[in-house]
Amino acid sequence: MDPRTENNPYLGFIYTSFQERATFVSHGNTARLAKQHGDIKLAQICGTIASDEKRHETAYTKIVEKLFEVDPDGTVLSLADMMRKKIAMPAHLMYDGSDDALFDNFSAIAQKLGVYTARTMRTSWNFWWRIGRSRSSPGSLARAEGAGICVRAAASDSETGGESAA
Ligand SMILES: [Fe+2]
């Protein structure tokens, strides 16, 4: 899978901060649903994975926060670049040998059950955008601003049954 980070560490760390948060949220929500439906073992497994993914999210978040500290303009422009490209999850390429739309179907069900929704993506965007707005120059912010529109549009599409932002 090509996450379109172009061997650029800014893009790579931003992508990973989103991806790790997504895996934390989705495993946590799967654990919750498994528990609600009586599968305690699955809930424990997913809960353990979610804890691990939370640690990954924390690590990559600290790295991106540091990038915003030392190079706010470069980081906010990289954030905008990744948002415009859309952040595709690694599961995007999963295939069971028969269903060509396996990920789309999986994604639609995950969205419907609340395991992973476009809101999670939007929350991540809002978190980084608040930091970017407080640190970056007006010129860079103006160049980056359109990316927020991409995020909101993707979230709206997804929340109304369109393509998932994940
Ligand atoms: Fe991870």
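This is a tutorial dialogue on how to read some features of one predicted model.

Q: What should be kept in mind about the numbering and the model?
A: Residues are numbered from 1 along each chain as its sequence is written, and side-chain values use heavy atoms, with hydrogens and water left out. Because the model is predicted, local features need pLDDT of at least 70 and side-chain atom pairs count only at pLDDT 80 or more, while totals for chains, interfaces and linings use all residues.

Q: How many residues does helix α2 have, and what length does it reach?
A: Helices are DSSP runs (H or I, at least four residues; strands are E, at least two), numbered from the N terminus, and the expected span of a helix is 1.5 Å times one less than its number of residues. Helix α2, residues 40–70, has 31 residues and reaches 45 Å from its first C-alpha to its last, close to the 45 Å expected. For α1, with 28 residues, the end C-alpha atoms are 40 Å apart, which agrees with the 40 Å that α1 should span at 1.5 Å a residue.

Q: What is found at the start of α1, and which residue follows α1?
A: A polar contact is a pair of N or O atoms within 3.5 Å; within protein, one must be able to donate a hydrogen and the other to accept it, and residues adjacent in sequence count only if both atoms are side-chain atoms. At the start of α1, a side-chain oxygen of asparagine 8 comes to within 2.8 Å of the backbone nitrogen of tyrosine 10. Glycine 38, whose phi is positive, near 90°, follows α1.

Q: Which residues of α2 are buried, and what do they pack against?
A: Buried means under 20% relative accessible area, exposed over 50%, and partly exposed in between, with a 1.4 Å probe and protein chains only; contact means heavy atoms within 4.5 Å. The buried residues of α2 include Ala43, Cys46, Ala50, Glu53 and Phe68, and the buried residues of this helix pack against α1 (9–36), α3 (72–85) and α5 (118–135).

Q: Which protein donors does the iron ion have?
A: Donors are N, O and S atoms within 2.8 Å of the metal (3.2 Å for Na, K and Ca), and sites may look incomplete because water is not among the atoms. Here the protein donors are Glu20 (OE), Glu53 (OE) and His56 (ND1), which lie 2.0 to 2.2 Å from the iron ion. Glutamate 20 lies in helix α1 and glutamate 53 in helix α2, so the pair ties together parts that are 33 residues apart in sequence. Both glutamate 20 and glutamate 53 are buried, and along the chain the donors follow the spacing E-x32-E-x2-H.

Q: How many salt bridges does the structure hold, and where do aspartate 52 and arginine 55 lie?
A: A salt bridge is a side-chain nitrogen of Lys or Arg within 4 Å of a carboxyl oxygen of Asp or Glu, and the structure holds five of them. An α-helix has 3.6 residues a turn, so residues three or four places apart point the same way. Aspartate 52 and arginine 55 are three residues apart in helix α2, about one helical turn, and their closest N and O atoms are 3.4 Å apart. Aspartate 52 is partly exposed at 32% relative accessible area, whereas arginine 55 is exposed at 53%.

Q: Where else are salt bridges found, and which residues form a network?
A: Glutamate 69 and lysine 66 meet at 3.0 Å, N to O, and both lie in helix α2, three residues apart. Aspartate 81 and lysine 85 meet at 3.3 Å, N to O, and are four residues apart in helix α3; aspartate 81 is partly exposed at 28%, whereas lysine 85 counts as buried at 14%. Arg21, Lys54 and Glu57 are linked in a network of salt bridges.

Q: How many aromatic pairs are found in the whole structure?
A: A pair of aromatic rings is described by the distance of the centres and the angle of the planes. Rings of Phe, Tyr and Trp (its six-membered ring) pair if their centres lie within 6.5 Å; planes under 30 degrees apart count as stacked, over 60 as edge-to-face and the rest as tilted. A search of the whole structure finds five aromatic pairs. The rings of phenylalanine 68 and tryptophan 128 have centres 5.8 Å apart and planes at 20°, so this pair is stacked. The pair links helix α2, which holds phenylalanine 68, with helix α5, which holds tryptophan 128, 60 residues apart.
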